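Here are my notes on this one, in numbered points. Have the model open while you go through them.

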Amino acid sequence: MADLGSDLDGVTDLTGQMAEVSGRLCAVQAWARRLITSRSSLVDDPNYGYDLSDYIDADVTEAEIKEIQGGVDEELLKDERCLQCTSTVTFLSGALRVVASCQDADGPFRLTLNVTDVNIEVLEVT
């Protein structure tokens, strides 16, 4: 098993238990945070972030959906733990669904995220 790091548990906020996560879950939570952080909002890393919540309830074209998919892939690949990423983005009931075929040092897996205007939820890591 590869060392994919460790951090405090949580995507949008820390958990009340202040638990620590490691491995793939740690990486996936970090990637989810990347996808809800506005570009240039971190003082020490102006190239960090691709805020998917900007697209909630937006009237986007097929071409723009492809751009969003490319933006997701590009952002996740900035993290050295993400070796490969190809995502599909769809809009469902006021939410944005991201299904990404990813690979880290432990091998390939599928990551499914649900993004609303106020939250990002990791639905599945398989």
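1. Charge first: the chain carries 9 positive and 24 negative side chains, and the centres of the two sets lie 4 Å apart. Lys and Arg count as positive, Asp and Glu as negative, with His and the chain ends not counted; each charge is placed at NZ of Lys, CZ of Arg, CG of Asp or CD of Glu.

2. A word on provenance: this is a predicted model, where local features need pLDDT of at least 70, side-chain atom pairs count only at pLDDT 80 or more, and totals for chains, interfaces and linings use all residues. Numbering runs from 1 along each chain as its sequence is written, and side-chain values use heavy atoms, leaving out hydrogens and water.

3. The fold has 2 helices and 6 strands, in the order β-β-α-α-β-β-β-β. These are DSSP runs (helices H or I, at least four residues; strands E, at least two), numbered from the N terminus.

4. The largest nonpolar core has 26 residues, and Trp-31, Leu-35, Leu-52 and Val-72 touch the most other members. Such a core is a set of buried Ala, Val, Leu, Ile, Met, Phe, Trp, Tyr and Cys residues joined through side-chain atoms within 4.5 Å. Its largest share, 5 residues, comes from H1.

5. Beyond four places in sequence, Trp-31 touches residues including Leu-76, Cys-102 and Phe-109 (contact means heavy atoms within 4.5 Å).

Technical notes. Buried means under 20% relative accessible area, exposed over 50%, partly exposed in between (1.4 Å probe, protein chains only).
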